[in-house]
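Here's a quick walk through one model, meant to be read with the structure open beside you.

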Amino acid sequence: MAQWRRKGGNEVFSSEEIEARLKDELPQWYFEDGWIRRKYKTSGWKATLMVVNTVGHLAEAAWHHPDLTVSYAFVTVKLQNHEAKGITEKDFALAKKIEEVLMWQPGKEEGAALQGTPDDPRFKYLKYD
């Protein structure tokens, strides 16, 4: 396991700590220009809006707000603690929640009551990694 430690409050992580932690906990996310980022690919505009609304709900509930780049078939989420001017525990916590909710595929859970979207391109809206 990489070397990093939990930090409290608005304590900023170093670039090395951020890279190590992303590798361990959020491998689809990357660190660039002071932000942790993730690009979610969608099937089109309606799906993009569903992703934006989901991220918006989670961010508002957490009271920690990302920057978003929104296009026809993708959404890029960028997180940084503006108050701390860097990446803090808040960024990792929100990134994990966004990842958990957007990448949830109930049809792949053993014994799940919810079936998930049909395996048909007409109903797929998010491109899962």
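## Around Met-103

Leaving aside neighbours within four places in sequence, which residues is Met-103 in contact with? They are Arg-38, Tyr-40, Leu-126, Tyr-128 and Asp-129, where contact means heavy atoms within 4.5 Å. Bear in mind that this is a predicted model, with local features needing pLDDT of at least 70, side-chain atom pairs counting only at pLDDT 80 or more, and totals for chains, interfaces and linings using all residues. Residues are numbered from 1 along each chain as its sequence is written, and side-chain values use heavy atoms, with hydrogens and water left out.

Met-103 sits in the segment after H3; helices (H or I, at least four residues) and strands (E, at least two) are DSSP runs, numbered from the N terminus. Met-103 counts as buried because its relative accessibility is 18%, and buried means under 20% relative accessible area (1.4 Å probe, protein chains only).

## Strand E2 and its partners

Strand E2 covers residues 35-41, and five of its seven residues are buried, so the rest of the structure largely encloses it. Strand E1 (residues 30-32) pairs with E2 in the antiparallel sense over three bridges; pairing takes at least two DSSP bridges between two strands. E1 and E2 make a hairpin with two residues between them, and Asp-33 in the turn has a positive phi of about 55°.

E2 also pairs with strand E4 (residues 74-79), again in the antiparallel sense, over six bridges. There, Arg-38 stands opposite Val-77 in E4.

Terms used: Buried < 20%, exposed > 50% of the residue type's maximum accessible area, 1.4 Å probe, protein only.
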